[in-house]
Amino acid sequence: DPRVAADGVKVADLQAQFELGIEIRTAIEDADATIERLETAMQGAAEGSDIAGQLQEIKSALVTDGTISSYPQPMLRDQLDYLSDNSQQADQKPAEDMYERLEVLVAELEAHKARLQRLIRVVAQD
């Protein structure tokens, strides 16, 4: 689009946008895999147990509550989707806050993954 070049967007900006999109997509895939592992672990945990409660806490942090019909707070997985949509909305150089937000979300995901892994080991021992 010649208008993009006229606005001062360079090929390097588009490359940065593409690479950020790949990083975000990777984080989304990681979140999806984590949610899948979480749901499997939840099936193996005794209902009403402390482990089940802790697994539910992780799920509540990762997945937006679908039972809230009006304006639910978007949780980590939906926040990644939102970041992805915003980063790809227009041909432009990604804003620094997009990188910062991705870093925060990935760190949060890593903390939940570590906690989930510890809980899965406990469930496997039972």
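The loop between α3 and α4 holds Tyr71, with helices taken as DSSP runs (H or I, at least four residues) and numbered from the N terminus. Tyr71 has a positive phi of about 55° although it is not a glycine. At 80% relative accessibility Tyr71 counts as exposed, on a scale where buried means under 20% relative accessible area, exposed over 50% and partly exposed in between (1.4 Å probe, protein chains only). This is a predicted model, in which local features need pLDDT of at least 70 and side-chain atom pairs count only at pLDDT 80 or more, while totals for chains, interfaces and linings use all residues. Residues are numbered from 1 along each chain as its sequence is written, and side-chain values use heavy atoms, with hydrogens and water left out.

**Helix α4**

- Helix α4 covers residues 76–87, and its 12 residues should span 16 Å at 1.5 Å a residue; the end C-alpha atoms are 16 Å apart, which agrees. The expected span is 1.5 Å times one less than the number of residues.
- The buried residues of α4 are Leu76, Arg77, Gln79, Leu80, Leu83, Ser84 and Ser87. Seen down the axis of α4, these buried residues fall within an arc of 160°, so they line one face of the helix. The arc is that of the directions from the helix axis to the C-beta atoms.
- The face of α4 turned away from the buried side carries the exposed residues Tyr82 and Asp85.
- The cover over the buried residues of α4 includes α2 (11–44), α3 (50–62) and α5 (96–125), where contact means heavy atoms within 4.5 Å.
- Asp85, in helix α4, counts as exposed at 52% relative accessibility.

**Helix α5**

- The 30 residues of α5 should span 44 Å at 1.5 Å a residue, and the end C-alpha atoms are 44 Å apart, which agrees.
- Buried in α5 are Met98, Leu102, Leu105, Leu109, His112, Lys113, Leu116, Leu119 and Val123. What covers them includes α2, α3 and α4.
- His112 of helix α5 is buried, with a relative accessible area of 16%. Leaving aside residues up to four places away in sequence, His112 touches Ile58, Ala61 and Leu62.
- Glu96 also lies in helix α5, and counts as exposed at 53% relative accessibility. Glu96 and Gln79 are 17 residues apart along the chain, and their C-alpha atoms are separated by 17 Å.

**Helix packing**

- α4 and α5 pack at an angle of about 160°, with their axes 11 Å apart. That makes α4 roughly antiparallel to α5. Axes are lines fitted to C-alpha atoms, for helices over the stretch in contact, and angles run from 0 to 180 degrees between N-to-C directions. Angles under 35 degrees count as roughly parallel, over 145 as roughly antiparallel, 65 to 115 as roughly perpendicular and the rest as oblique.
- α4 passes α5 in a left-handed crossing, meaning that the near helix is turned anticlockwise from the far one by less than a right angle; clockwise would be right-handed. The contact is made by Leu76, Gln79, Leu80, Leu83, Asn86 and Ser87 of α4 and Met98, Arg101, Leu102, Leu105, Glu108 and Leu109 of α5.
- The axes of α2 and α5 come within 10 Å and cross at roughly 20°. α2 and α5 are therefore roughly parallel to each other. Their crossing is left-handed. Residues making this contact include Leu20, Ile24, Ala27, Ala31 and Leu38 of α2 and Met98, Leu102, Val106, Leu109 and Leu116 of α5.
- α2 and α4 pack at an angle of about 160°, with their axes 10 Å apart. α2 and α4 are therefore roughly antiparallel to each other. α2 passes α4 in a left-handed crossing. Among the residues in this contact are Leu20, Ile24, Ile28 and Ile35 of α2 and Leu76, Leu80 and Leu83 of α4.

**Helix α3**

- Ser60 is found in helix α3 and is partly exposed, with a relative accessible area of 38%.
- The C-alpha atoms of Ser60 and Leu76 are separated by 9.2 Å, the two residues being 16 residues apart along the chain.

Key:
Helix = DSSP H or I, 4+ residues; strand = E, 2+ residues; numbered from the N terminus.
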